[in-house]
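Have the structure open while you read.

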Amino acid sequence: MSKIAIWDRNAETMRRADIRALQLERLKHLVGYCMNNVPFYYERLTKAGVTAEKIKTLSDVQYIPFTTKDDLRDHYPFGLFAVPMQKIARIHASSGTTGKPTVVGYTKNDLENWAQMVARITTAAGADDHTIVQIAFGYGMFTGALGLHYGLEKIGAAVVPCSSGNTEKQLMFMRDFKTNALVATPSYALYMAECAKESGYPMEQYHLRLGLLGSEGCTPEMRDRIEQGWGMFVTDNYGLSEVCGPGMSGECQLRCGLHINEDHFLCETINPQTLEVLPVGETGELVVTTLTKEAIPLLRYRTKDITKITEEPCACGRTTARMDKIKGRSDDMLKIRGVNVFPSQVESALVGMQKIGPHYQLIVRREGFADTLEVKVELVDGSVLEKFAELEAVQNEIKNRLRTVLGLSVKVTLAEPKSLERFTGKARRVIDLRNEH
Ligand code: DLL
């Protein structure tokens, strides 16, 4: 592992009191800016009785109403933009599965800030000007590819904009270019490792050392599998298109939480049911206020992502608050016969078990009035399917593990090797059949 480098020492190692003071100053300015430039916020803030002058301390942020994905959708496409179109330099949209996508814009300043934030988190992860990085996120409206692209260019890395898919070609470039870093979703990185093993070229022809993975959850167990598959060191980075894209936070090489770019984002956690603000250190839904965005500033945006924040300084020297790896989304949480189940819990319990592969699927059904969960996993060795006693033993072991972790009895189905779907972008592991007849 290389020595710990810091891209923007000023911003990343500020004293806590100075960070808080800067956030307060920016929050006050932001409230005025939103009032003056976005009619939606003018109405919301006026109704709530909030003005810039009334913000005296950072905790006064709690008086500002939340903004949600529905607010963005209701104002599709540009209704929440705070600047005229002449000032917009780029437009992205989120990959929503239903309804209209959420559209976000960037001014030139926003793009520069974004690239700086990505430069910070990729440096923290261990990338530098010796890095040859293949970007295997889909280029297009998704913020992942271009977001990482410009940040990595800024730190002097050689960027290979492969996009996602066409895995054989990706692998050829990796071998021929001596690519030493990979940007992808964890599920695609895992799939690529599987393809590399099968492609017939010795693994010594691959030179990956660093995985900058993000855009979806990845348990430590899954991370181990990816690291073993590639022989590389994997870091996690987080963001969402609504608040800029990747670059909001990322792990340093010590991997004890994701450093938040706090000069650009004010983060809180709330109880998603009661909406009350939680004390720092308690697990809840992450709420983000963008402190510097010009094109589409967001006040208290509800991310639906579940995490907790710590303000303890990190041994890497950065003083910025860190968030835990995302535990799940509040809207991903399955409620099975009264028990809360996060797909990540199932992943932790399964991945790393002998005899089964790291790909899985969760199928939720409604039977009568009760919801049931089926967990489908792949066998490493398909011949087990013909040996009843062995099959039953594997099935029971998985069932018992899941019962211990979830406190719930689930149906376990063992499938042929390589029979479950593979993903080149974000994985879709939960199939919810509750509303199908
Ligand atoms: O996924 C932005 C991004 C791109 C982040 C590339 C990191 C790397 P969206 O498509 O708007 O934006 O999806 C945002 O993805 O609310 C989380 O639920 C999930 N997500 C993103 N990063 C992580 C992560 C991008 N590191 C949504 N761990 C978020 C877990 C993540 N979930």
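Searching the whole structure turns up 27 salt bridges, where a salt bridge means a side-chain nitrogen of Lys or Arg within 4 Å of a carboxyl oxygen of Asp or Glu. Keep in mind that this is a predicted model, where local features need pLDDT of at least 70 and side-chain atom pairs count only at pLDDT 80 or more, while totals for chains, interfaces and linings use all residues. Residues are numbered from 1 along each chain as its sequence is written, and side-chain values use heavy atoms, with hydrogens and water left out.

One of the salt bridges joins glutamate 251 to arginine 223, with 3.7 Å between the closest N and O atoms. Glutamate 251 sits in strand E8 (residues 245–251) and arginine 223 in helix H9, so this pair ties together parts that are 28 residues apart in sequence. Helices (H or I, at least four residues) and strands (E, at least two) are DSSP runs, numbered from the N terminus.

Now for the domains. The protein splits into domain 1 (1–327) and domain 2 (334–432), with bounds that come from an automatic or database domain assignment. Their C-alpha centres are 30 Å apart. Where they touch, 20 residues of domain 1 are in contact with 19 of domain 2, contact meaning heavy atoms within 4.5 Å.

How much area is buried between domain 1 and domain 2? The value is about 1,700 Å², and carbon and sulfur atoms give 57% of that. Buried area is the accessible area (1.4 Å probe) that two parts lose on being put together, summed over both. On the domain 1 side, Met222, Arg225 and Lys327 supply 29% of the area buried against domain 2, more than any other three residues.

There are 2 salt bridges between domain 1 and domain 2. Helix H8 (186–198) and helix H9 (220–230) each supply at least two residues of the side of domain 1 that touches domain 2. H8 gives the largest share of that side, 6 residues.

| Residue | Protein atom | Ligand atom | Distance |
|---|---|---|---|
| Glutamate 216 | backbone N or O | nitrogen | 3.3 Å |
| Asparagine 237 | polar backbone atom | nitrogen | 2.7 Å |
| Serine 241 | polar side-chain atom | oxygen | 2.8 Å |

Definitions and conventions
Polar contact = N/O pair within 3.5 Å; in protein donor to acceptor, adjacent residues only side chain to side chain.
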